[in-house]
Amino acid sequence: MKKLNLFLFLLFIGVAAMGFTSRIAPDDFYAGKWDIVIVGTPNGDAKMVADLVRKDGKLTGQLTPADANAAKIPIESIEESANKLNLTFTAQGYNIAMELNKVDDDNLKGSIMNGMFDATAKRIKN
């Protein structure tokens, strides 16, 4: 009986430890490549890839439009929190603010230009 109690106790501790570790968000959740789609722009849906990297503790990056002839767009500022990512960049002469909220481990959803257009992002897995 003592062995059974010991086994159940260790099993409980193991399950509890797994539960706590699965809730901890990775330090660089937003770092990596993301497929971004901006829905309903005057030119149709805009597709691009955001490449976000952490340099000296700060998140930086660039956007690569799906159009092969378009130049890469540097991201001017990034504000991040546990559940939200705000990007600011300049495209076609306009300063654009994009707000993306965490949906799950691989998806973000939000808008650009204060809700004018919806935006989604999906993590690109290597």
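This is a predicted model: local features need pLDDT of at least 70, side-chain atom pairs count only at pLDDT 80 or more; totals for chains, interfaces and linings use all residues.
View 1. The setting is a pair of antiparallel strands, β6 (residues 94-104) and β7 (residues 107-112), joined by six bridges. To follow the chain from β6 into β7, look for the hairpin, which passes through two residues.

**View 2. On to the next strand, β8.** Strand β7 also pairs with strand β8 (residues 117-123). Here too the sense is antiparallel, and six bridges link β7 and β8. A handy place to start looking is G110, which stands opposite A119 in β8.

**View 3. The turn between β7 and β8.** Four residues lie between the strands in the hairpin of β7 and β8.

**View 4. A closer look at S111.** S111 is found in strand β7. Is S111 buried or exposed? S111 counts as buried because its relative accessible area is 18%, and buried means under 20%. Leaving aside residues up to four places away in sequence, S111 touches A97, M98 and E99, and also F117, D118 and A119.

**View 5. S111 and the backbone of G115.** Which residue has its backbone nitrogen 3.5 Å from a polar atom of the S111 side chain? That residue is G115.

Conventions: Residues are numbered from 1 along each chain as its sequence is written. Side-chain values use heavy atoms; hydrogens and water are left out. Two strands pair if DSSP finds at least two bridges between them. Buried means under 20% relative accessible area, exposed over 50%, partly exposed in between (1.4 Å probe, protein chains only). A polar contact is a pair of N or O atoms within 3.5 Å; within protein, one must be able to donate a hydrogen and the other to accept it, and residues adjacent in sequence count only if both atoms are side-chain atoms. Contact means heavy atoms within 4.5 Å.
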